[in-house]
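Reader: Hi! Could you give me a close look at one part of this model, the place where one piece of the chain meets another, and then set it in its surroundings?

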Amino acid sequence: MRYLQDEPAPRAARMVLGSALRRCREAVGLSLGEAAARLGGSASKVSRIESGLFSPKHQDLPKFFALYKITDTTEQTQLRDLVSDAQRSPWWQPWSTVTPKYLQAVVSFEDMATRIRSYEPIYLHGLLQTPEYTRALVERGRGSAIVHDEVVQFRAMRRQRFDAAPDKNFLCIVDESSLMRPVGSADIMRKQLEHLAALTFHPRIQLRLAPLYDYEASVEIGPTTLFDFGRRLPTIAFAEGYDGGLFIEDERGVDIRTKAFDLLAARSLGPHAMRRRLRHMATRFR
């Protein structure tokens with residue numbers, strides 16, 4: 001587990017690369033220290049590579065191939081491609097000065113995940129917001145008008161990248177209390193609710209509504225996102241805080257969050273009932 005604020009955060013491509021190299025090391029029965037000694041580096045450097053904080057260079061790969069007995073040309077090519085991905089400048093680089101490091105890690109996981117599962121009890125998830133809702137929310141924060149404009153642009157690009165990924169799916173549990181918390185104006189809230197109702201028909205977005213007056217709704221899980229990567233990487237859980245975020249990679253910790261999420265999803269309203277509730281709520285803002 002790592003609670004990150006503004007320190008360097010792991011990126012998904014580097015984590016996939018590091019996980020693959022760790023599996024190769026373990027397959028030949030080498031400890032972290034043994035591998036580091038034979039590679040001519042420190043154990044901390046190899047550890048940073050395997051945890052996704054650092055990426056090896058292309059010229060370093062032959063050493064890994066020889067030590068870990070990676071002779072299959074297809075596997076070598078896949079690792080070279082991962083190094084290229086890990087070293088490529090991320091799409092959010094132009095906004096790196098106005099976005100916290102932990103959020104940069106989150107969007108890198110969004111990019112590589114095949115499925116995103118999220119529960120947000122305070123405000124709507126960024127992928128569900130209308131541009132007007134986003135603008136009103138961002139302008140509540142600190143910074144100048146220029147900074148606000150840049151953050152809005154960053155969030156718009158985040159949504160565009162999801163829309164352009166045909167194989168990526170998103171399951172979001174919306175807390176009813178977050179829809180009763182006004183943002184911007186009545187007109188903005190009405191349009192946001194109408195937008196959510198329309199999203200219940202989206203082919204890659206599954207929405208559920210955690211009702212406010214359900215005594216059995218297990219909302220204690222708090223703001224949680226689960227990133228599923230298929231076979232490339234184990235599921236990672238993320239819990240956002242006020243000034244940072246907790247990344248959970250431990251199998252038991254992820255399992256606890258996953259079961260709590262599934263329990264809440266089972267207690268939440270499905271798309272049809274959610275649409276009716278949203279349309280009723282929208283009348284409050286007319």
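Predicted model: local features only at pLDDT ≥ 70, side-chain atom pairs only at ≥ 80, totals over all residues.

Author: Happy to! The side of domain 1 that touches domain 2 is made up of 5 nonpolar, 1 polar and 2 charged residues. Salt bridges across this interface also come to 0 by the rule.

How much area is buried between domain 1 and domain 2? The value is about 720 Å², and carbon and sulfur atoms give 75% of that area. In terms of residues, 8 from domain 1 are in contact with 8 from domain 2. To place these two parts on the chain, domain 1 covers 10–87, while domain 2 covers 94–283. Their C-alpha centres are 33 Å apart.

Now for the surroundings. Although the count of salt bridges between domain 1 and domain 2 is 0, a search of the whole structure turns up 16 salt bridges. One of them joins E110 to R158, with 2.6 Å between the closest N and O atoms. This pair ties together distant parts of the chain, 48 residues apart: E110 sits in helix α6 (residues 101–112), and R158 sits in helix α8 (residues 145–163).

Strand β6 (residues 236–240) pairs with strand β7 (residues 245–248) over 4 bridges, in the antiparallel sense. The two strands, β6 and β7, form a hairpin, with 4 residues between them.

Definitions and conventions:
Residues numbered from 1 in each chain as written. Heavy atoms only, no water. Domains from an automatic or database assignment. Contact = heavy atoms within 4.5 Å. Buried area = accessible area lost by both parts, 1.4 Å probe. Salt bridge = Lys/Arg side-chain N within 4 Å of Asp/Glu carboxyl O. Nonpolar A, V, L, I, M, F, W, Y, C, P; charged D, E, K, R; others polar. Pairing = 2+ DSSP bridges.
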